[in-house]
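Subject: Structure handover and notes

Dear colleague,

Please find below the structure that I promised to pass on, followed by notes on what was found in it. I would be glad if you could read the notes with the model open beside them.

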Amino acid sequence: MRAFQVFYKHKLNVSTYQMCILMLFNSADRLTYREIEQATQIPASDLKHCLQSLACVKGENVLS
């Protein structure tokens, strides 16, 4: 029996900050707020806004 993996391509329209956050998940499955904050050095108010917008998209949450 041979299994095939199907890879899907998705296009996302995100800000630079959001892309920096998403790129962190190329090497980790889970990250804490503090880890994201330290890795990106995005100002706290902007980071909260970006994370909220990625996690709270109606019907299509990118982060959970």
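In these notes, two groups are in contact when they have heavy atoms within 4.5 Å, and helices (H or I, at least four residues) and strands (E, at least two) are DSSP runs, numbered from the N terminus. This is a predicted model, in which local features need pLDDT of at least 70 and side-chain atom pairs count only at pLDDT 80 or more, while totals for chains, interfaces and linings use all residues. Residues are numbered from 1 along each chain as its sequence is written, and side-chain values use heavy atoms, with hydrogens and water left out.

Overall picture

The protein chain holds three helices and zero strands, and its elements follow the order α-α-α from the N terminus on. Of its 64 residues, 17% count as buried, where buried means under 20% relative accessible area, exposed over 50%, and partly exposed in between (1.4 Å probe, protein chains only). The accessible surface of the chain comes to about 5,900 Å², and carbon and sulfur atoms contribute 52% of it; these areas come from the Shrake-Rupley method with a 1.4 Å probe, and for residues only the protein chains shown count as cover. Among the contacts with a separation of 6 or more, 40% are made by residues 24 or more positions apart.

Helix 1 and its partners

In helix 1, the buried residues are Gln18, Ile21 and Leu22. Viewed down the axis of helix 1, these residues fall within an arc of 95 degrees, so they line one face of the helix, the arc being that of the directions from the helix axis to the C-beta atoms. That buried set packs against helix 2 and helix 3. Ile21 has 0% relative accessibility and therefore counts as buried, and its C-alpha atom is separated by 9.9 Å from that of Leu31, ten residues apart along the chain. Leu22 also counts as buried, because its relative accessibility is 14%, and the C-alpha atoms of Leu22 and Ile36, 14 residues apart along the chain, are separated by 9.8 Å.

Helix 1 and helix 2 pack at an angle of about 115 degrees, with their axes 10 Å apart; axes are lines fitted to C-alpha atoms, for helices over the stretch in contact, and angles run from 0 to 180 degrees between N-to-C directions. At this packing, Cys20, Ile21 and Leu24 of helix 1 meet Ile36, Ala39 and Thr40 of helix 2.

The loop and helix 3

Gln41 lies in the loop between helix 2 and helix 3, and it counts as exposed because its relative accessibility is 68%. Its phi is near 55 degrees, a positive value in a residue other than glycine. For context, most residues other than glycine have a negative phi.

Which residues of helix 3 are buried? They are Leu47, Cys50, Leu51 and Leu54. Seen down the axis of helix 3, the buried residues fall within an arc of 95 degrees, so they line one face of the helix. What covers them includes helix 1 (16-24) and helix 2 (33-40), whereas Ser45, Lys48, His49 and Gln52 are exposed on the other side of helix 3.

With kind regards
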